[in-house]
Structure formats: structure tokens, C-alpha cells
Amino acid sequence: MAPARTPGGTRPSRADLEAARGATLPDLLGPGLRLLICGINPSLWAAATQAHFARPGNRFWPALHDAGLTGHLVDCSAGMSDADREHVVGRGLGITNLVRRATARADELDRAEFVTGLERLAGLVAERRPAVVAVAGVTAYRHAFAEPRAALGRQERELAGAQLWALPSPSGLNAHASRAGLAAAFAEAGRAAGVLPPDPGSPLGADPARPPRP
């Protein structure tokens with residue numbers, strides 16, 4: 001069950017956050033999907049506001065903007081506007097989660113939820129056919145795909161015909177990734193998906209993204 005967006009576009013109260021435990025957050029999808037970004041599961045803040053990566057301090061939206069994937073800095077800390085939703089999906093981006101239920105911490109999830117989530121993700125990718133699926137968090141990727149030694153970047157395997165990438169977690173708790181590093185990682189996945197033009201100075205410049213899938 002999804003809670004209603006906080007009244008008047010205000011930030012959620014502590015009571016709102018508690019009420020969001022176990023709630024779900026709809027995928028953000030549109031036509032022309034090229035890059036599907038997959039989070040671990042919704043935070044309580046994201047579920048309360050019904051907006052992905054909405055918690056203040058999360059560097060997801062700043063990194064996307066720095067990477068050139070969005071034309072302006074999206075602020076959905078009090079909920080996402082219809083205009084911002086249209087802007088994001090209009091650029092070929094989509095957002096989903098491996099596990100649908102909201103928790104305060106990702107370590108509240110169990111292995112079975114990741115297995116079920118991967119099955120759902122595979123079905124979504126087969127239906128929507130993005131060029132690239134980017135998992136935002138290499139630890140989440142390792143759990144979901146049972147690849148404990150997976151490294152950041154493009155993976156050897158594919159998912160329902162889409163390239164698979166493991167990106168750094170944009171959470172403010174991830175001290176290993178800077179905002180600049182996050183932006184570079186998202187930009188690389190964006191170039192692979194054809195959302196951004198190839199960088200002539202990188203290997204992708206010699207191997208441009210494949211044309212849109214039929």
C-alpha cells in the first residue's frame with residue numbers, strides 16, 4: 001500500500017515516516033525508456049513522499065544533474081512534481097527498486113526479497129526493453145544476482161537483453177563515493193544507454209550504444 005503524498009508538498013513528519021514502513025512506491029517509467037535505474041528499496045522518506053531518492057542528503061539527483069542526465073536539479077524532498085516526472089521520463093530515464101517495500105535501512109531486507117525482486121525486475125526489463133539497467137549500489141547488485149565478487153561498472157551478464165551495470169550507491173552513508181565520482185559513473189551508464197552522446201576519449205566512444213530496441 002502506498003501512503004498519500006504529504007499534504008501541500010511539505011516534508012514528511014516523523015509520524016509520516018513511521019506510517020510509511022512497508023509501503024510501496026510506483027515505478028517511474030515512460031515511453032522511450034533507455035536507462036532504467038534500479039535502487040535497493042524505497043526509504044521511508046521516499047515512500048512517504050512517493051518520490052524516488054527523495055531523502056535529503058541522498059546524492060542521486062545532484063549526481064544525475066552533474067552527469068547531464070537531467071536538464072535541471074530535481075528536488076523531490078517534499079514530493080515530485082508532474083513537470084519533473086515528465087522531464088525525467090522524457091529524457092529516456094526510468095526508476096524502479098529491487099525490493100518494493102519501504103524500510104528504514106536496507107539491512108532490514110532478507111535474501112528471499114532480493115530473489116523475488118530480481119524476478120520482477122527481469123519481467124519489467126523484458127516488457128519495457130531498456131538498453132541499460134543500472135543498479136544503484138554494488139552491494140545490492142551482489143545480493144540480488146548472487147555475485148559476491150561483482151565490481152563496479154558494466155557486468156558480463158545481461159538481463160532480458162539489456163546491459164547490466166553496477167553503480168555506486170548515492171546514499172549519503174556511502175563515504176566511498178564522491179558526488180563527482182557518482183556523476184561520472186551515471187554518465188558512463190547514460191552513454192552506454194544512448195541517453196548521452198559517446199565520449200570520444202573513452203572505450204565507449206569506439207563502441208557506441210546500440211540503436212533503440214524494437
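Which residues is Thr103 in contact with, leaving aside its neighbours within four places in sequence? Here are some notes to read alongside the structure, which is a predicted model.

1. Let's start with that question. Thr103 is in contact with Asn41, Pro42, Ser43, Leu44, Glu108 and Leu109, once its neighbours within four places in sequence are left aside. Thr103 sits in the loop between β2 and α5. Despite that loop position, Thr103 is buried, because its relative accessible area is 3% and the cut-off for buried is under 20%. With Asn41 there is also a polar contact, side chain to side chain, of 2.8 Å.

2. Arg101 and Glu113 form a salt bridge through their side chains, at 2.5 Å from N to O. Since Arg101 belongs to the loop between β2 and α5 while Glu113 belongs to helix α5 (residues 111-128), the pair ties together parts that are twelve residues apart in sequence. Glu113 counts as buried, at 17% relative accessibility, whereas Arg101 counts as partly exposed, at 30%.

3. Now for the other salt bridges. The structure holds seven of them. In one, the side chains of Arg105 and Asp107 meet at 3.3 Å, N to O; Asp107 counts as exposed, with 55% relative accessibility. In another, Glu18 pairs with Arg21, and their closest N and O atoms are 3.0 Å apart. Both partners are partly exposed: Glu18 has a relative accessibility of 44%, and Arg21 has a relative accessible area of 41%. A network of salt bridges links Glu18, Arg21 and Glu108.

4. Five strands make up an open sheet with mixed pairing, and their order is β2-β1-β3-β5-β4. The edges are taken by β2 (93-97) and β4 (153-159); each has a single partner strand, so one side of each is left without a neighbour in the sheet. On average, neighbouring strands are turned by 25° against each other, direction ignored.

5. Strand β1 (residues 35-39) pairs with strand β3 (residues 132-136) in the parallel sense, over four bridges. Within this pairing, Ile37 stands opposite Ala134 in β3. Helix α7 (residues 179-193) packs on the sheet and touches β1, β3 and β5 (162-167). The direction of α7 makes about 175° with that of β5.

6. Not counting residues up to four places away in sequence, Leu64 touches Ile37, Leu69, Thr70, Leu93 and Phe186.

How values were computed
Residues are numbered from 1 along each chain as its sequence is written. This is a predicted model: local features need pLDDT of at least 70, side-chain atom pairs count only at pLDDT 80 or more; totals for chains, interfaces and linings use all residues. Side-chain values use heavy atoms; hydrogens and water are left out. Two strands pair if DSSP finds at least two bridges between them. Helices (H or I, at least four residues) and strands (E, at least two) are DSSP runs, numbered from the N terminus. Axes are lines fitted to C-alpha atoms, for helices over the stretch in contact, and angles run from 0 to 180 degrees between N-to-C directions. Contact means heavy atoms within 4.5 Å. A salt bridge is a side-chain nitrogen of Lys or Arg within 4 Å of a carboxyl oxygen of Asp or Glu. Buried means under 20% relative accessible area, exposed over 50%, partly exposed in between (1.4 Å probe, protein chains only). A polar contact is a pair of N or O atoms within 3.5 Å; within protein, one must be able to donate a hydrogen and the other to accept it, and residues adjacent in sequence count only if both atoms are side-chain atoms.
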